[in-house]
Amino acid sequence: MWSAATTKGHLMHGLPMKRDAGPFNPPSEITQLCQARPVSPLIFPDGHEGWLVTGYDEVRQLMADTRFSSRQDLGIVHVPYETPGMPAQTEPSPAMPGVFVAMDPPDHTRLRRKLTGAFTVKRMKQLEDHIAEIVERQLDELASLTPPVDLVKEFALPVPSLVICELLGVPYADRATFQGHSAKFLEKDITLDEKMAALGGIMTYLTELVISKRAEPSEDILADLARDEDLGIDELVGIGFLLLLAGHETTANMLALGTFALLEHPEQLAELRANPDLVPDAVEELLRYLAVGDVFYRYATDDIPLGGQTITKGSTVVVSLLAANHDSQRFDNADTLDIHRKARGHLSFGHGIHQCLGQQLARIEMRAGFAGLLRRFPALQLAIPASEVRLKTDMNIYGVHELPVTWS
């Protein structure tokens, strides 16, 4: 069982995971920690002591400091909760070739550099019109259906899946294969065997795809990488896994959860509909407010001062981006959704050398997605009570499982 320091310095049982302050805010105990003790000692399932970091300044400082390692083969604890019937996974995990988010320099630098050209701001801007076309086609599909419909299935998931499939050169017809495996891989309460089976399914598929691209080059990111003889097949597969998973899961969850949040804030929604120029600011605020990728890990490779504490060498550190984004020391009325807020300092894409490579792509998809949805469906509303929307509290990326909506 996990424990974390309370504001009084005592230990409380269990890392708070229940969103008792509503579906969009951090657990209230996490918020209290952020305000009173942004760097808190934490007791892991096997009894050893680590740290929980929730303050905005502290999270930003930590993520900029490469002495906090991202390598999961050093001693990172993987399970931020206690899984019933399953032993705590506290053993280091072998590094996966190509998955550079779990690497430090120079390995991280070598692999990330291979991709920087593919995700430049200029190149992403050139894709804007095409992404807008993809969004409009999907909105046409949505409009042809008889409500109520599941917005996740019919819009939020297809849009980023279509985009990332085109960019990577993954046949869209294969989406059921990789989406099924990736959804299972991201579940929390499954056995290690189930997780590895899901991972194996994705890797087998991607291995065949990468080998085919080496044999018959095409015009896409994976094919470009496959022409690089410096990259082995295992590295190409790992990079493909990372981009495919990150490229559709996070944006899909943001589109669905963001729509839910707007529908639950009708005044903000009405203002956004009346003034579409606010969409870019609204996207940044939704990214800050929701932070669908919340919990990350780092491993201290030295004694490091942070937030008035000393993180001792060898300590595992849990980082909450959601808590940092809701830090009242950084954002006024942080638990309030405000589409007028200039929230560009948010940490939802991370910070430092591991800041999300595809952040501009995600922004373009969300701007087009929200703008199109609000324009085409002015009477959009939930088809069920908000309390019945199934939240992804069982997944490692937050969102909603389904979002039944209707319109007149």
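1. In strand β4, the bridge partner of I43 is E49. This bridge belongs to the pairing of β3 with β4 (residues 49-53), which runs in the antiparallel sense over five bridges. The model under review is a predicted one, and the points below should be read accordingly.

2. Strand β3 covers residues 39-43, and five of its five residues are buried, so the strand is largely enclosed by the rest of the structure. "Buried" here stands for a relative accessible area under 20%. Which way do the residues of β3 point? V39, P41 and I43 face one way, whereas S40 and L42 face the other way, and all are buried.

3. β6, β12 and β11 form an open sheet of three strands, in the order β6-β12-β11 and with antiparallel pairing. Its edge strands are β6 (149-150) and β11 (381-382), each of which pairs on one side only.

4. Within that sheet, the pairing of β6 with β12 (residues 404-406) is antiparallel and comprises two bridges. Here D150 stands opposite P404 of β12.

5. The second largest pocket holds about 540 Å³ of space. Its lining consists of 26 residues, of which V152, K153, L157, P158 and Q179 are the closest to the centre of the pocket. Two or more lining residues come from each of the helices α5 (128-143), α6 (151-156), α7 (158-168), α8 (175-185) and α11 (233-263).

6. How do the lining residues of the second largest pocket divide into nonpolar, polar and charged? The lining has 11 nonpolar, five polar and 10 charged residues.

7. Along the principal axes, its C-alpha atoms fill a box of roughly 55 × 55 × 40 Å. The radius of gyration is 21 Å, which agrees with the value near 22 Å that a compact globule of 408 residues would have.

8. Two further values describe the protein chain. Of its 408 residues, 54% count as buried. Among contacts with a separation of 6 or more, 69% are between residues 24 or more positions apart.

Conventions. Residues are numbered from 1 along each chain as its sequence is written. This is a predicted model: local features need pLDDT of at least 70, side-chain atom pairs count only at pLDDT 80 or more; totals for chains, interfaces and linings use all residues. Side-chain values use heavy atoms; hydrogens and water are left out. Buried means under 20% relative accessible area, exposed over 50%, partly exposed in between (1.4 Å probe, protein chains only). Helices (H or I, at least four residues) and strands (E, at least two) are DSSP runs, numbered from the N terminus. Two strands pair if DSSP finds at least two bridges between them. On a 1 Å grid over the protein atoms alone, a cavity is a set of points where a 1.4 Å probe fits but cannot get out, and a pocket is an open set with protein on both sides within 12 Å along at least five of seven lines; lining residues have an atom within 4 Å of a point. Grid points are joined across faces, edges and corners, and a volume is the space filled by probe spheres set on the points. Ala, Val, Leu, Ile, Met, Phe, Trp, Tyr, Cys and Pro count as nonpolar, Asp, Glu, Lys and Arg as charged, and the others, Gly among them, as polar. The radius of gyration is taken over C-alpha atoms; the globule rule is 2.2 Å times the number of residues to the power 0.38. Contact means heavy atoms within 4.5 Å.
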